[in-house]
Amino acid sequence: MDWSKARLVAPESKKLISLRIDADIVEFFRNQGKGYQTRMNAVLRAYMEAVAKKD
């Protein structure tokens with residue numbers, strides 16, 4: 001395997017915030033198992049991209 005052209009790609013950094021979310025929404029995502037914050041981020045990203053497409 002030739003790794004001579006490989007390059008380091010750093011993951012996007014996340015921003016730590018405090019966010020008030022309804023308890024039932026948090027519970028729903030937590031019940032989905034490990035990685036619930038990542039899934040919440042994915043839902044928010046999908047919404048952001050959908051709204052941006054409309055403009």
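User: Why are Arg45 and Glu49 separated by about one helical turn?
Analyst: Because they sit four residues apart in helix H2. A helix here is a DSSP run (H or I, at least four residues), numbered from the N terminus. This is a predicted model, where local features need pLDDT of at least 70, side-chain atom pairs need 80 or more, and totals for chains, interfaces and linings use all residues. Residues are numbered from 1 along each chain as its sequence is written, and side-chain values use heavy atoms, leaving out hydrogens and water.

User: What makes Arg45 and Glu49 a salt bridge?
Analyst: Their closest N and O atoms are 3.9 Å apart. The term asks for a side-chain nitrogen of Lys or Arg within 4 Å of a carboxyl oxygen of Asp or Glu, so the pair qualifies. A search of the whole structure finds one salt bridge.

User: Why is Arg45 called partly exposed?
Analyst: Its relative accessible area is 38%.

User: How far from Glu49 is Ala6?
Analyst: The two are 43 residues apart in sequence and 30 Å apart in space, C-alpha to C-alpha.

User: Is Arg20 buried or exposed, and why?
Analyst: Exposed, because its relative accessibility is 84%. Arg20 is in the segment before H1. Its C-alpha atom is 14 Å from that of Gln37, 17 residues away along the chain.

User: Why does Ile21 count as partly exposed?
Analyst: Because its relative accessible area is 30%. Ile21 too lies in the segment before H1.

User: Where is the largest pocket lined, and by which elements?
Analyst: Its volume is about 720 Å³. Of its 19 lining residues, the closest to the centre are Lys15, Ile17, Gln37, Asn41 and Leu44. Helix H1 (23-31) and helix H2 (36-54) each give two or more residues to the lining. H2 supplies the largest share, eight residues.

User: What makes a space a pocket?
Analyst: On a 1 Å grid over the protein atoms alone, a pocket is an open set of points where a 1.4 Å probe fits, with protein on both sides within 12 Å along at least five of seven lines; lining residues have an atom within 4 Å of a point. The volume is the space filled by probe spheres set on the points.

User: Which classes make up the lining of the largest pocket?
Analyst: It has 11 nonpolar, four polar and four charged residues.

How values were computed
Ala, Val, Leu, Ile, Met, Phe, Trp, Tyr, Cys and Pro count as nonpolar, Asp, Glu, Lys and Arg as charged, and the others, Gly among them, as polar. Buried means under 20% relative accessible area, exposed over 50%, partly exposed in between (1.4 Å probe, protein chains only).
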